[in-house]
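Subject: Structure for your files

Hello,

Here is the structure you were going to look at. My notes on it follow below.

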Amino acid sequence: MLHKSNLTTLFIIVALLIASTTFAQNKSMHMNMKSMKADKQSADTNIVRKGVIDLKSIDKNNDGKVYQCPMEANVLSDEKGECPLCGMDITEVTVAKAKEKLLKRGFRVSETELKENPGTENKSIEAIVSIWNQVCPVTGEDVDSDTPTEVYQGKTIGFCCSGCIKKFQKDPAKYMKNLSEDGSKFVGK
């Protein structure tokens, strides 16, 4: 018959073997997932647009629509897919909506695109230059360029709606803490 101490030692050895096997399997699975994600991202990075974005060339079938990531405005394609940056499905939007979102987020759209839509040149420049942040400091929603702005510490702050301006005016320092250093992300709670 096994002594109590021998039984305890045996139990500890079995538990350690199970734990080390589980750890090794989890680590292996994590490495495989990481490798698969890296392979997928390298395959899909051609839809991550940089520099001046030409929406007309992206809309290959000329239907006036493209697929754009809801989170990463510069992830654009003419086909359904998944964003290689955040993993979300890219959704179909009109070229005009895609352009509006790009400009709100500070991306540049090609001159040919602007010239083909007269009257947007000044609005585009205003959207890039005047509004510092890309998300509302109160709610985290995308900034609406048609909503009035508020100047705070030399920065023109945009909002998703006029109701948020009133909240912001009561305690601007509190709401500015909700924004990342460059105003591109909502980090508040």
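By about how much of helix H3 are Glu100 and Lys97 separated? They are three residues apart in helix H3 (residues 95-104), which means a separation of about one helical turn. Helices here are DSSP runs of H or I with at least four residues, strands are runs of E with at least two, and both are numbered from the N terminus.

Two notes on the source. This is a predicted model, where local features need pLDDT of at least 70 and side-chain atom pairs count only at pLDDT 80 or more, while totals for chains, interfaces and linings use all residues. Residues are numbered from 1 along each chain as its sequence is written, and side-chain values use heavy atoms, with hydrogens and water left out.

Glu100 and Lys97 form a salt bridge, with 4.0 Å between the closest N and O atoms. The term means a side-chain nitrogen of Lys or Arg within 4 Å of a carboxyl oxygen of Asp or Glu. By that rule, the count is one salt bridge. Glu100 is partly exposed, at 32% relative accessibility. Buried is under 20% relative accessible area, exposed is over 50%, and partly exposed is in between (1.4 Å probe, protein chains only).

Then the backbone. Asn62 is not a glycine, but its phi is positive, near 55 degrees. Asn62 sits in the loop between helix H2 (55-58) and strand E2 (65-68), and is exposed at 60% relative accessible area.

Gln153, also not a glycine, has a positive phi of about 50 degrees. Its loop runs between strand E7 (150-152) and strand E8 (155-157). Gln153 is exposed, at 66% relative accessibility.

Regards
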